[in-house]
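Hi everyone, thanks for making time for this.

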Amino acid sequence: MLKGCESYHVAEQRMLTRRAFVVGGLIGAAMWASRKTAFAQALVRENGNVIVVVFLRGGADGLNMVVPYGEDNYYKARPTLAVPTPGSGIGRSLKLDDMFALNPDLSPLYPLFQNGELGIVHAVGSYDRTRSHFEAMSAMERGARDDREGQDGGWLARHLLASGGASAPMRTVAFASTMPESLAGATQAVAIESLADYRLNVPDDERSATHAALTDLYARHDDVFAEAGRNTLNALQSLRSYDPATSKPENGAAYPDTRLGQALAQVAYLVRQDVGLEIACLDAADRGGWDTHVAQGPWLAGLLDDVGKSLAAFRRDVGREMSRVTVVVQTEFGRRVAENSGYGTDHGRGSVMLALGGGVGGGRVVADWPGLSDEILEGPGDLPVTTDYRNVLSEMLERRLGSSTVGEVFPGLERKAVGLFV
């Protein structure tokens with residue numbers, strides 16, 4: 001190991017100083033130091049809980065995900081696309097209660113609903129009425145009421161800033177090529193497509209020597225920069241053996257070979273390695289996304305099959321650690337109640353949110369259900385939003401991450417208990 005002036009000289013030559021340590025070209029001490037107040041608090045997560053936010057981009061059809069089979073109007077509006085009522089046989093929905101049933105393509109999640117680990121909120125969404133993907137996603141990721149409300153940054157970024165927290169380099173990870181808007185403004189977040197990308201940005205034959213030099217460098221200082229460096233090196237060491245091609249999930253879990261499945265497999269790995277993960281953000285947008293204007297039947301079936309299998313595999317893989325992990329699934333808006341002439345559905349309003357794992361009071365569908373009669377439907381024929389999505393997320397932050405700052409995360413929110421988290 002290089003020591004003293006020699007180690008400092010090596011680090012200086014490679015431009016890996018205390019203020020310019022870069023991991024995978026994405027994260028470094030300078031980035032950490034840009035928000036010194038977060039480190040100054042030096043807080044440690046009190047409960048070690050993790051939230052995983054999965055976004056179904058494109059407007060997922062909540063009415064066919066969680067079917068209101070108790071509504072005759074649903075079957076009248078969708079003579080081709082309606083999911084059959086609960087019962088035995090292929091393609092029949094799975095009864096959740098006297099009003100709602102689960103799409104059979106989500107059947108891997110049904111046992112989790114039955115044992116109380118999966119909860120559902122229906123007729124949920126924002127109050128954005130543009131029915132524009134861009135505007136609706138932006139409003140939701142900013143934690144805004146609608147597209148006209150000018151919140152700065154993302155709702156998860158505001159949570160991170162308001163809560164302070166430990167300088168764990170992998171506290172917040174987005175499995176994406178770019179940072180999602182929900183994390184806009186977060187200096188404690190990293191966006192990567194694979195954990196294999198999280199490494200020292202030096203040639204392979206120099207990596208060991210560089211790691212040793214940096215270890216010595218950061219060991220000789222006791223400030224926020226050195227702390228960030230030490231924590232990053234520890235995370236690198238924990239992930240050193242990770243290889244997406246050979247890494248195997250635990251407990252017999254089998255993930256589909258999809259973007260969502262492989263991202264969830266990596267989140268499970270981070271949970272097991274206990275590297276300080278608190279928030280993970282993922283997209284489920286394979287197969288062209290959730291904008292099912294035409295030929296919705298087979299298109300949606302494939303998407304739901306991916307979500308069902310991926311989440312069920314994640315639950316199995318994480319095992320007992322699931323008691324501290326909560327997954328929430330959301331989408332920017334739902335679909336029109338009536339099917340269109342292309343055997344699809346157009347942009348709508350109310351949809352569903354799913355919550356799975358630790359702290360979820362599952363086994364039920366939470367819904368202030370308005371009904372689907374013509375006089376109830378909104379605009380061109382949409383399911384109204386009766387539950388503000390922000391109340392679901394704020395309740396999760398309070399109950400699962402111990403947040404006392406939801407007023408800063410969702411300013412102006414009229415709080416209303418959802419009762420999904422215990």
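This is a predicted model: local features need pLDDT of at least 70, side-chain atom pairs count only at pLDDT 80 or more; totals for chains, interfaces and linings use all residues.

Now look at the side chains of E9, which covers residues 189–192. Ala 189 and Ala 191 point one way, while Val 190 and Ile 192 point the other way, and all of them are buried.

If you want a residue to look for, Thr 172 stands opposite Ile 279 of E10. E10 in turn pairs with strand E3, residues 50–56, in the parallel sense over five bridges. There, Phe 55 has Asp 283 in E10 as its bridge partner.

How many of the five residues of E10 are buried? Five of the five are, so E10 is largely enclosed by the rest of the structure. Its side chains go both ways: Ile 279, Cys 281 and Asp 283 point to one side, and Ala 280 and Leu 282 to the other. So that includes Asp 283, which is buried along with the others.

As a bit of background, strands of a sheet pair through backbone hydrogen bonds, either parallel or antiparallel. We have had parallel pairs up to here, so let me show you an antiparallel case. Three strands form an open sheet in the order E4-E6-E5, with antiparallel pairing. Strand E4 (66–67) and strand E5 (94–95) are the edge strands, each pairing on one side only. E4 and strand E6, residues 101–102, are joined by two bridges. Within that pairing, Val 66 has Leu 102 of E6 as its bridge partner.

Let's step back to the whole chain for a moment. It has 14 helices and 14 strands. Of its 422 residues, 58% are buried. And if we take the contacts with a separation of 6 or more, 71% are between residues 24 or more positions apart.

You'll find Thr 386 in the loop between strand E13 (365–366) and E14. Thr 386 and Gly 125 are 261 residues apart in sequence, but their C-alpha atoms are 7.9 Å apart in space. Leaving aside neighbours within four places in sequence, Thr 386 is in contact with His 122, Ala 123, Asp 368 and Pro 370.

Next along is Thr 387, in strand E14, residues 387–388. Thr 387, at 12%, is buried. Not counting residues up to four places away in sequence, Thr 387 touches several residues, among them Val 121, His 122, Tyr 127 and Val 418.

Now a look at two helices. The axes of H11 and helix H12, residues 296–318, come within 9 Å and cross at roughly 15 degrees. That makes H11 roughly parallel to H12, and the crossing is right-handed. Residues of H11 in this contact include Leu 260, Leu 264, Val 267 and Val 271, and those of H12 include Val 307, Leu 311 and Phe 314. Overall, the residues of this contact divide into ten nonpolar, two polar and three charged.

I'll finish with two backbone angles. Most residues other than glycine have a negative phi. Arg 131 is not a glycine, and its phi is positive, near 55 degrees. You'll find Arg 131 in the loop between strand E7 (118–125) and helix H7 (133–141). Asp 274 isn't a glycine either, and has a positive phi of about 50 degrees.

Conventions: Residues are numbered from 1 along each chain as its sequence is written. Side-chain values use heavy atoms; hydrogens and water are left out. Buried means under 20% relative accessible area, exposed over 50%, partly exposed in between (1.4 Å probe, protein chains only). Helices (H or I, at least four residues) and strands (E, at least two) are DSSP runs, numbered from the N terminus. Two strands pair if DSSP finds at least two bridges between them. Axes are lines fitted to C-alpha atoms, for helices over the stretch in contact, and angles run from 0 to 180 degrees between N-to-C directions. Angles under 35 degrees count as roughly parallel, over 145 as roughly antiparallel, 65 to 115 as roughly perpendicular and the rest as oblique. A crossing is left-handed if the near helix is turned anticlockwise from the far one by less than a right angle, and right-handed if clockwise. Contact means heavy atoms within 4.5 Å. Ala, Val, Leu, Ile, Met, Phe, Trp, Tyr, Cys and Pro count as nonpolar, Asp, Glu, Lys and Arg as charged, and the others, Gly among them, as polar.
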